[in-house]
Amino acid sequence: MSGATFDKNGIPTKWYNIAADLPKPLDPPLHPGTGQPIGPEALAPIFPMALIEQEVSQQRWIEIPKELLEIYSLWRPTPLKRARRLEQLLGTPAKIYYKHEGVSGPGSHKPNTAVAQAYYNKKEGVARLATETGAGQWGSALSFATQLFGLKCTVYMVRVSYDQKPYRRSLMEIWGAEAIPSPSNRTEYGKSVLKEMPDTPGSLGMAISEAIEDAAKHDDTKYSLGSVLNHVCTHQSVIGLEAKRQMAELGEYPDVVVGCVGGGSNFAGIAFPFIEDKLTGKKPNLQIVAAEPFACPSVTKGMYAYDFGDTSGMTPLLRMMTLGHTFIPAPLHAGGLRYHGMAPLVSLLAREKVIEAVALHQNPSFEAALQFARTEGLVPAPETAHAIRAVIDIALECKKTGQEKTILFNWSGHGHFDLSAYDAYLAGKLTDYEYPTEKIQEALTHLPKVG
């Protein structure tokens, strides 16, 4: 299985870095002020050097430290399951497999990178991490990770999710973190937003601005991001590496790999190790599908351009599929799918047509989630529901054509803290919202000017 190696428990001992196999190199990050390419030193104020080195690495395989493998063993390897009862309900000849990342303590794929980031920060003497969270999955994962390594943690949680999902906040506090609704009065940027838009639901871009400002103002604090960046996607590769091995043990290989996308991390985790086979010519016909919401369609409707990762314009400029950093999404219940931009690695693969994307509405996604829960017994997170919708649509197409495709998707997290969203769906109160093209076009007029 290429260069992948595993320990006695079946956990990968190295992360896969897709940057080594891309069809073309990523465009470099640019300085937010000068618009010129930046080096690793420009990121040092907010990230530890070990993560900066991984961010820019072209090395295909990156060793996972033994201390991290011990922590991974708390929940890894995660199960690979076949959704036979769902197949029977659909009457499809397709086989549906899923990688169950909901078995981690925080209940999602997010700890795969959270514990790695906490580990490298601890090694470099950092005392506290500041971060943002949308639905709360990342915030709870980093709270869990910082507790394991004795770090403090401050989480700026998008206000609408803070209100919709109080038990995510409770989970963060159980693991010792401080959760703050964003925008807040804690930062100068947050105060400025509240003055202009006191009733704003918030956005991930705003919360990122607050977390970065917090980190930049405190010498003992670094910033931590749960998606988008190269090193985050690399850490998540344990998902796909395990899945390849587990499917091989069953004598299987997928025809289609599916993941939901917000910033790109869980999709990268399941898909990148398989995309390696596509890029190297081993599986040229492999279909890779990214499922996103119509309410935040960065891949299907965004522009491939340099943009800020945050709303205030403090981050380096990244070349990515973006809806514009001023984009404020509707209060979609799939809070983890509300980011204005897509991971540069995922964006490049979409641009080069290595992967494809589909946009989906909330109600059909929750319908798919109920079909899954009522057949397989597991209640998925609203984000995961988008992947399930895409999988069911593919399986139903196989029913029409008679094709016996093997479909693999990432069951990226459980929905136990999202029951208010299910209540809204069951009561018929969820609305399907397609972000207007004119609003996207207006947001794109605020893209930074790059020569």
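Of the 13 residues in helix α5, 11 are buried, so the rest of the structure largely encloses this helix. The model is a predicted one. The buried set in α5 consists of Q137, W138, G139, S140, A141, L142, S143, F144, A145, T146 and F149. Several elements supply the packing around these residues: helices α2 (66-72), α4 (111-123), α7 (166-174) and α16 (382-401), together with strands β5 (128-133) and β6 (152-158).

G150 follows α5, and its phi is positive, near 70 degrees.

Now turn to strand β7. E178 belongs to this strand, which covers residues 178-182. E178 is partly exposed, with a relative accessible area of 36%. Setting aside neighbours within four places in sequence, its contacts are C153, T154, V155 and R186. Take V155: 23 residues separate it from E178 in sequence, yet the C-alpha to C-alpha distance is 6.0 Å.

Helices α15 (residues 362-376) and α17 (residues 419-426) pack at an angle of about 105 degrees, and their axes are 11 Å apart. Angles of 65 to 115 degrees count as roughly perpendicular, and α15 and α17 are therefore roughly perpendicular to each other. From α15, the contact uses N363, F366, E367, A369, L370 and R374. From α17, it uses A421, Y422, Y425 and L426. By class, this contact has seven nonpolar, one polar and two charged residues.

How values were computed:
Residues numbered from 1 in each chain as written. Predicted model: local features only at pLDDT ≥ 70, side-chain atom pairs only at ≥ 80, totals over all residues. Heavy atoms only, no water. Axes fitted to C-alpha atoms, helices over the stretch in contact; angles between N-to-C directions. Helix = DSSP H or I, 4+ residues; strand = E, 2+ residues; numbered from the N terminus. Parallel < 35°, antiparallel > 145°, perpendicular 65-115°, else oblique. Contact = heavy atoms within 4.5 Å. Nonpolar A, V, L, I, M, F, W, Y, C, P; charged D, E, K, R; others polar. Buried < 20%, exposed > 50% of the residue type's maximum accessible area, 1.4 Å probe, protein only.
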